[in-house]
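Please read this briefing alongside the sequence and the 3D view. It takes a few topics in turn and defines each term where the term is used.

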Amino acid sequence: MQAMKENSQLFRVLYIDDDDKRTKAFRQSFHPQIEVIDVFDNQAAVCCLDDSQFIDLIVYSDTLDTRGFLSTLKARRNWTKIPIILLTDRETVDLTADPYHGYVIDVFPFNYLKSTFQIRLDYLIHKKTYQQNAESINKSKKVRMPVGKRAFDIGLSLLLLIMASPLLLLVMVLIKLDSPGAILYSSKRVGMGFRIFNMYKLRTMRMGSDKLLATMASQNMYGSVAEEKPVDFLCEDCQLAGRGCQRPLFLDQKQICEIVYQGEQQAKAMFSKFKEDPRVTRLGKILRNTSIDELPQLFNILRGDMSFVGNRPLPLYEAEKLTNIGYARRFAAPAGLTGLWQVTKRGKAAVSDQERIHLDVLYAKRFSFREDMIILLRTFKAVWQKENV
């Protein structure tokens, strides 16, 4: 039993490739950070998955029968949750199409940079660690959300939903009249213990506003973001040599030079927020300044997805960037409607993403029912801020 527990703590990668050199290079690059189990064909991979209870990641070579292997996985429900990274020499792979959709999480070329692959690997390892910690917390009942805090959340959210129902109905009608589109906005968010849930808000933006985000990088309040460039542009070394890209990276179904990608990651801000956001509707500005747009999150609190006070639940693309152990600690606290960052820094244009993270980590270290009550009282003042951010 003890041996099984110890094995579950390891991050095990099933590496499936018929090329001995690539297999050896992969093992040397990432051992001893991970345990690598390598096989050379689909049949051996299936046998390994049958015998092992703890496979955290599959790295699969596209030189084999990719479609056949994914079909086998689909037939075994207990295997479908294992993430897959595809190694290939193809220029483009559409991960939203069959048979990849829902199974392959990323694509890398055979000549990937170790540092680039390490970014993806670190996130998966940290995610597993925090999921195990969350499961351990729930089983031991030592650091679960305090009963008093949860009871307070249920009682107050239910009371406020009843009291606010007339206002919610009126605002929903006004949203429908103000601009075309859905009344509620739902987005995937990451909360306590890296748990993903749907967070609800009243729609304050015009439909299709998510597509405009990439064109507004220069207006980001949390730091300067590198301007978007064509996905096939070359790094300086390749330009000087007068040749094509020698290290293509396939990321999010796009091709980009690995060297340039590394530079962009250093320049990008971890959070995005804009002053006088042109995507916001006329009614949306009022709803945001009064925080009425967040009233549907009372449903999230009632369900237990969130608490009244905690760290704001992050979109997936922001949460994935917080792979550093010190930063990831923010996910040890409950997700909240308001929190230490909101009452301390909200409305101050000079706030940086680092300040926000440090405040989130600070709350995760010391949160208590008394601290929550102080933050709630301070929130009433912060809600009526005049600056439109």
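What follows is a short account of sheets, helix contacts, individual residues and backbone geometry.

This is a predicted model, in which local features need pLDDT of at least 70 and side-chain atom pairs count only at pLDDT 80 or more, while totals for chains, interfaces and linings use all residues. Residues are numbered from 1 along each chain as its sequence is written, and side-chain values use heavy atoms, with hydrogens and water left out. Helices (H or I, at least four residues) and strands (E, at least two) are DSSP runs numbered from the N terminus.

- Five strands make up an open sheet with parallel pairing, in the order 2-1-3-4-5, where two strands pair if DSSP finds at least two bridges between them.
- The edges of this sheet are strand 2 (35–39) and strand 5 (104–109), each of which pairs on one side only, and the twist from one strand to the next averages 20 degrees.
- Strand 1 (residues 12–16) pairs with strand 3 (residues 57–61) in the parallel sense over four bridges; Leu14 stands opposite Ile58 of strand 3, and Tyr15 stands opposite Val59 of strand 3.
- Strand 3 also pairs with strand 4 in the parallel sense over four bridges, and here Ser61 stands opposite Leu87 of strand 4.
- Five of the five residues of strand 3 are buried, so this strand is largely enclosed by the rest of the structure; buried means under 20% relative accessible area, exposed over 50%, and partly exposed in between, with a 1.4 Å probe and protein chains only.
- Leu57, Val59 and Ser61 point one way from strand 3, whereas Ile58 and Tyr60 point the other way, and all are buried.

- Three strands form an open sheet in the order 7-6-11, and their pairing is antiparallel.
- Strand 7 (196–202) and strand 11 (314–315) stand at the edges with a single partner strand each, so one side of each is left without a neighbour in the sheet.
- Strand 6 (residues 184–190) pairs with strand 11 in the antiparallel sense over two bridges, and Val190 has Leu314 of strand 11 as its bridge partner.

**Helix contacts**

- Helix 3 (residues 42–51) and helix 4 (residues 66–75) pack at an angle of about 25 degrees, with their axes 10 Å apart; axes are lines fitted to C-alpha atoms, for helices over the stretch in contact, and angles run from 0 to 180 degrees between N-to-C directions.
- Helix 3 and helix 4 are therefore roughly parallel to each other, given that angles under 35 degrees count as roughly parallel, over 145 as roughly antiparallel, 65 to 115 as roughly perpendicular and the rest as oblique.
- The contact is made by Asn42, Ala45, Val46 and Leu49 of helix 3 together with Gly68, Phe69, Thr72 and Leu73 of helix 4, where contact means heavy atoms within 4.5 Å.
- By class, the contact of helix 3 with helix 4 has five nonpolar, three polar and no charged residues; Ala, Val, Leu, Ile, Met, Phe, Trp, Tyr, Cys and Pro count as nonpolar, Asp, Glu, Lys and Arg as charged, and the others, Gly among them, as polar.
- Helix 6 (residues 147–178) and helix 9 (residues 282–289) pack at an angle of about 150 degrees, with their axes 9 Å apart.
- In this second contact, helix 6 contributes Val171, Leu174, Ile175 and Asp178, and helix 9 contributes Arg282, Leu283 and Leu287; these residues divide into five nonpolar, no polar and two charged.

**Two buried residues**

- Asp305 sits in the loop between helix 10 (297–303) and strand 10 (307–309), and Asp305 is buried, with a relative accessible area of 10%.
- Not counting residues up to four places away in sequence, Asp305 touches Arg195, Phe197, Asn198, Asn300 and Ala335.
- Ala328 lies in helix 12 (residues 325–328) and counts as buried at 0% relative accessibility.
- Ala328 and His126 are 202 residues apart in sequence, yet 8.0 Å apart in space, C-alpha to C-alpha.

**Backbone geometry**

- Most residues other than glycine have a negative phi, and most peptide bonds are trans.
- A cis peptide bond joins His31 and Pro32, with omega about 10 degrees, and Pro32 is placed in the loop between helix 2 (20–30) and strand 2.
- The peptide bond from Asp98 to Pro99 is also cis, with omega near 5 degrees, and Pro99 is found in the loop between strand 4 (84–88) and strand 5.
- Ser291, a residue other than glycine, has a positive phi near 65 degrees; Ser291 is in the loop between helix 9 and helix 10 and is buried, with a relative accessible area of 14%.
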